[in-house]
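Open the model in your viewer and follow along. Each stop says what to select and what is there.

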Amino acid sequence: MTSPSKYVFTDIHGQAKQLETILKKINLQSDDELIFLGDYIDRGPNSKEVIDLLLEIQSKYKSTFLIGNHEQMLLSYLEGIDNPLRNSFLKNGGKATLDSYRDEQNNLKIPINHVNFFYSLETTHQDNDFFYVHAGVPNLPLYEIANEDKYKNDFLWIRSPFLFSDFIWEKKIIHGHTPMKTVDLQRNRIGLDTGACFGNVLSCLDLTNNVIITEENNEELSSEMKHHLREKNFYSVFSVEIGSALKEASAGMEVGNIRNYSAYHIEISYNREQASFLQENETFDIAVLDKENKEHCLTMKKIKNNPLEMKAILKTY
Ligand SMILES: [Mn+2]
């Protein structure tokens with residue numbers, strides 16, 4: 001028995017054939033898991049067929065379906081609300097979606113299970129290692145934003161501020177929305193949209209076996225990329241080695257663990273890659289998060305590996 005695989009897909013955009021080809025290639029087992037990051041519809045020719053395939057997957061496998069900006073536009077359109085989203089639906093490939101739902105008499109017929117599917121989509125998802133979202137996230141720690149509706153616009157639409165951000169979130173972000181030539185594996189995020197609806201390939205990330213699967217080929221990640229994918233960005237100060245200096249500096253401050261931050265007001269994390277090379281007095285970045293005042297969130301502050309200096313900085317929060 002092999003262990004179950006976890007597959008991530010995004011931005012299928014009506015390309016049912018590409019999705020079908022990849023699904024055939026990966027030969028799903030009953031305990032495999034699939035995560036879809038939204039934009040199932042629009043632009044490509046077979047949106048309805050894509051949703052049929054996803055519903056079939058949903059009935060057979062452990063699966064998560066996130067909402068993309070195109071599903072959001074479709075829902076606005078269907079609800080008939082006169083807002084900018086509704087108006088942009090048809091301009092952004094929505095006509096192809098509606099056409100895929102027309103019968104021979106040209107009547108628009110969207111099955112109720114499809115409508116329910118669109119309404120059931122989740123906004124974000126996370127597991128132990130990764131945070132999944134359609135477009136991206138703002139420069140704020142995930143524990144503050146994950147379930148906050150006010151960031152939905154960013155989750156579904158964000159581009160450059162996120163794509164060029166050097167913010168290090170608690171988990172790597174896996175996202176779609178902005179097409180790239182190849183899967184975009186960065187230190188803090190993985191962009192999986194490879195522009196299937198623009199004549200390029202659809203990419204599926206097999207997180208269990210570290211393989212990028214397209215309808216054309218399977219490409220195992222290089223060992224460097226695998227390391228990149230798995231490296232943990234954040235460690236609480238108490239869990240790791242750097243820092244006797246930091247530990248000493250924060251003594252009595254009850255620095256918490258980032259995943260378990262119940263009672264306290266300040267949290268310090270740092271990047272392990274930097275920490276393992278750190279010399280005494282060397283400058284490095286830490287994230288200082290003030291939990292009592294959620295608006296006041298400082299990130300990636302320059303700090304010297306020196307207890308006195310650390311203490312002075314920490315005291316100001
Ligand atoms: Mn999108």
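Start with the whole chain. Among contacts in the protein with a separation of 6 or more, 60% join residues 24 or more positions apart. Keep in mind that this is a predicted model.

Now color by secondary structure. The protein has 12 helices and 15 strands. Of its 317 residues, 34% count as buried.

**Stop one: a helix pair**

Select residues 69-79, helix α3, and residues 84-100, helix α4. Their axes lie 8 Å apart, and the helices pack at an angle of about 110°. Angles of 65 to 115 degrees count as roughly perpendicular, so α3 and α4 are roughly perpendicular to each other.

Show the side chains where they meet. From α3, pick His70, Gln72, Met73, Leu74, Ser76 and Tyr77. From α4, pick Leu85, Arg86, Ser88, Phe89, Asn92, Gly94 and Thr97. By class, this contact has 5 nonpolar, 7 polar and 1 charged residues.

**Stop two: Asp11**

Go to the loop between β1 (6-9) and α1 (16-26), and select Asp11 there. Its phi is near 45°, a positive value in a residue other than glycine.

**Stop three: Asn210**

Move on to the loop between β9 (203-206) and β10 (211-214), where Asn210 sits. Asn210 is not a glycine, yet it has a positive phi of about 55°. Asn210 has 16 other C-beta atoms within 10 Å and is partly exposed.

Key
Residues numbered from 1 in each chain as written. Predicted model: local features only at pLDDT ≥ 70, side-chain atom pairs only at ≥ 80, totals over all residues. Axes fitted to C-alpha atoms, helices over the stretch in contact; angles between N-to-C directions. Helix = DSSP H or I, 4+ residues; strand = E, 2+ residues; numbered from the N terminus. Parallel < 35°, antiparallel > 145°, perpendicular 65-115°, else oblique. Contact = placed C-beta atoms within 7 Å. Nonpolar A, V, L, I, M, F, W, Y, C, P; charged D, E, K, R; others polar. Buried ≥ 20, exposed ≤ 12 C-beta atoms within 10 Å, placed from the backbone.
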